[in-house]
Amino acid sequence: MRACFDCHSNETVWPWYSTIAPMSWLVQRDADEGREELNFSEWHRDQDNDAAETVLDRSMPPRQYLLLHPEVRLSDEQLATLAAGLALIGYDD
């Protein structure tokens, strides 16, 4: 939840800068794109089947997000656990 839900759920906690244009446009775009790929709030629809691999290859969360939110960094063990959980529910190749 700490690392993924802001962009991959309908439970986004919007940062203060999300109310100031043009940052608000970028933040909204990123959240919209993230929810389109994988939305933990909408299990009933078809979603990204590469989520486990995406976590393991560290392309999520994006670097620019990590720069602004260092608290979402996951350890190697946490990444492996998340990927295993995603694979278990069918979000792997």
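**A colleague's note on this model**

1. P61 is found in the loop between α2 and α3 (63-68), and that residue is a friendly place to begin. Please keep in mind that this is a predicted model. What kind of peptide bond runs from M60 to P61? The bond is cis, with omega near -10°.

2. A cis bond also turns up elsewhere in the chain: A21 and P22 are joined by a cis peptide bond whose omega is about 5°. Look for P22 in the segment before α1.

3. Go back to the loop between α2 and α3, because R58 lies there as well, and its relative accessible area of 46% makes R58 partly exposed. The backbone of R58 deserves a look: its phi is near 60°, which is a positive value in a residue other than glycine.

4. Next comes helix α1, residues 23-37.

5. Which residues of α1 are buried? They are S24, V27, A31, G34 and R35. These residues cover an arc of only 105° around the axis, which means that they sit on the same side of α1. On the face of α1 turned away from the buried side you will find the exposed residues W25 and E36.

6. Now for the aromatic rings. The model has three aromatic pairs. F5 and F40 make a stacked one, because their ring centres are 5.4 Å apart and their planes meet at 15°, under the 30 degrees that stacking requires. This pair links distant parts of the chain: F5 belongs to the segment before α1, while F40 belongs to the loop between α1 and α2 (51-56), and 35 residues separate the two. Are F5 and F40 buried or exposed? Both F5 and F40 are buried. Together with W43, F5 and F40 form one aromatic cluster.

7. W16 and Y17 form an edge-to-face aromatic pair, with 5.6 Å from centre to centre and 85° between the planes. Y17 has 12% relative accessibility, so Y17 counts as buried, the limit being under 20%.

8. A student might wonder about the cysteines. How many disulfides does the model have? The count is zero. For C4, the nearest cysteine sulfur is that of C7, 9.4 Å away, and C4 is in no disulfide. C7 is likewise in no disulfide, and its nearest cysteine sulfur is that of C4. For a disulfide the two sulfur atoms would have to lie within 2.5 Å. C4 has 18% relative accessibility and therefore counts as buried.

9. Now turn to the open spaces. The largest pocket holds about 690 Å³ of space. It is lined by 36 residues, and those closest to its centre are C7, D30, M60, P62 and Y65. Which elements give two or more residues to the lining? They are α1, α2, α3 and α4 (76-88). The largest share, nine residues, comes from α1.

10. Finally, compare distance along the chain with distance in space. A52 is found in helix α2 and counts as buried, because its relative accessibility is 5%. A52 and L82 are 30 residues apart in sequence, while their C-alpha atoms are 7.4 Å apart in space. P15 lies in the segment before α1, and its 18% relative accessibility is why P15 counts as buried. P15 and T54 are 39 residues apart along the chain, and 24 Å separates their C-alpha atoms.

How values were computed: Residues are numbered from 1 along each chain as its sequence is written. This is a predicted model: local features need pLDDT of at least 70, side-chain atom pairs count only at pLDDT 80 or more; totals for chains, interfaces and linings use all residues. Side-chain values use heavy atoms; hydrogens and water are left out. Buried means under 20% relative accessible area, exposed over 50%, partly exposed in between (1.4 Å probe, protein chains only). Helices (H or I, at least four residues) and strands (E, at least two) are DSSP runs, numbered from the N terminus. The arc is that of the directions from the helix axis to the C-beta atoms. Rings of Phe, Tyr and Trp (its six-membered ring) pair if their centres lie within 6.5 Å; planes under 30 degrees apart count as stacked, over 60 as edge-to-face and the rest as tilted. On a 1 Å grid over the protein atoms alone, a cavity is a set of points where a 1.4 Å probe fits but cannot get out, and a pocket is an open set with protein on both sides within 12 Å along at least five of seven lines; lining residues have an atom within 4 Å of a point. Grid points are joined across faces, edges and corners, and a volume is the space filled by probe spheres set on the points.
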